[in-house]
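Visitor: Hi, I'm new to this one. Could you walk me through it?

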Amino acid sequence: PEPGPTGCGILGRYPVLAVLTFAAVGIGMGVGFSFWEPDDPESKSKLLKWLGLIGDLFIRALKCVVLPLVFINVVISIMEM
């Protein structure tokens with residue numbers, strides 16, 4: 001029997017399409033926020049700070065995953081010499 005489709009909908013079955021879609025959404029949001037001129041300039045500043053917080057948390061989470069993996073791979077490589 002043939003295995004069923006994996007993932008969550010069309011973006012799970014076509015990961016390249018998912019990456020390109022979310023990259024386009026990110027670029028579109030960036031361009032949109034750069035041209036956005038709200039009535040209160042403070043609201044744009046607050047929104048950009050919150051978005052920056054989300055991005056900073058994402059980068060920190062990546063570091064928490066990648067650094068231990070690199071360290072363990074270096075240790076294993078040295079032990080196998």
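Guide: A helix here is a DSSP run of H or I with at least four residues, and helices are numbered from the N terminus. One more thing before we go on: this is a predicted model.

Visitor: Good to know. How many helices and strands does the protein have?
Guide: There are three helices and zero strands. Reading from the N terminus, the order is α-α-α.

Visitor: And what is its radius of gyration, next to that of a compact globule of 81 residues?
Guide: The protein has 20 Å, whereas a compact globule of 81 residues would have a value near 12 Å. Along the principal axes, its C-alpha atoms fill a box of roughly 60 × 40 × 15 Å.

Visitor: What share of the residues is buried?
Guide: Buried residues make up 2% of the 81. The accessible surface comes to about 7,200 Å², and carbon and sulfur atoms account for 74% of that.

Visitor: Which residues make the nonpolar surface patch?
Guide: The patch is made by Phe58, Ile59, Leu62, Val65, Val66, Leu69, Val70, Val74, Ile78 and Met81, and it covers about 990 Å².

Visitor: Let's pick out Phe58. Where is it, and is it buried or exposed?
Guide: Phe58 sits in helix H3, which spans residues 41-79. Phe58 counts as exposed because its relative accessibility is 53%, and the cut-off for exposed is over 50%.

Visitor: What about Leu62?
Guide: Leu62 is in helix H3 too, but at 40% relative accessibility Leu62 counts as partly exposed. If you follow the chain ten residues from Leu62 to Ile72, the two C-alpha atoms are 16 Å apart.

Visitor: Changing topic: how many salt bridges does a search of the whole structure find?
Guide: The search finds one. It joins the side chains of Arg60 and Asp56, at 3.3 Å from N to O.

Visitor: How are those two placed along helix H3?
Guide: Arg60 and Asp56 are four residues apart in helix H3, so about one helical turn separates them.

Technical notes: Residues numbered from 1 in each chain as written. Predicted model: local features only at pLDDT ≥ 70, side-chain atom pairs only at ≥ 80, totals over all residues. Heavy atoms only, no water. Rg over C-alpha atoms; globule rule 2.2 N^0.38 Å. Buried < 20%, exposed > 50% of the residue type's maximum accessible area, 1.4 Å probe, protein only. Areas by Shrake-Rupley, 256 points an atom, 1.4 Å probe, with all protein chains shown as cover. Patch = residues over 30% accessible without salt bridge, like charges linked within 9 Å, V, L, I, M, F, W, Y side chains within 5 Å. Salt bridge = Lys/Arg side-chain N within 4 Å of Asp/Glu carboxyl O.
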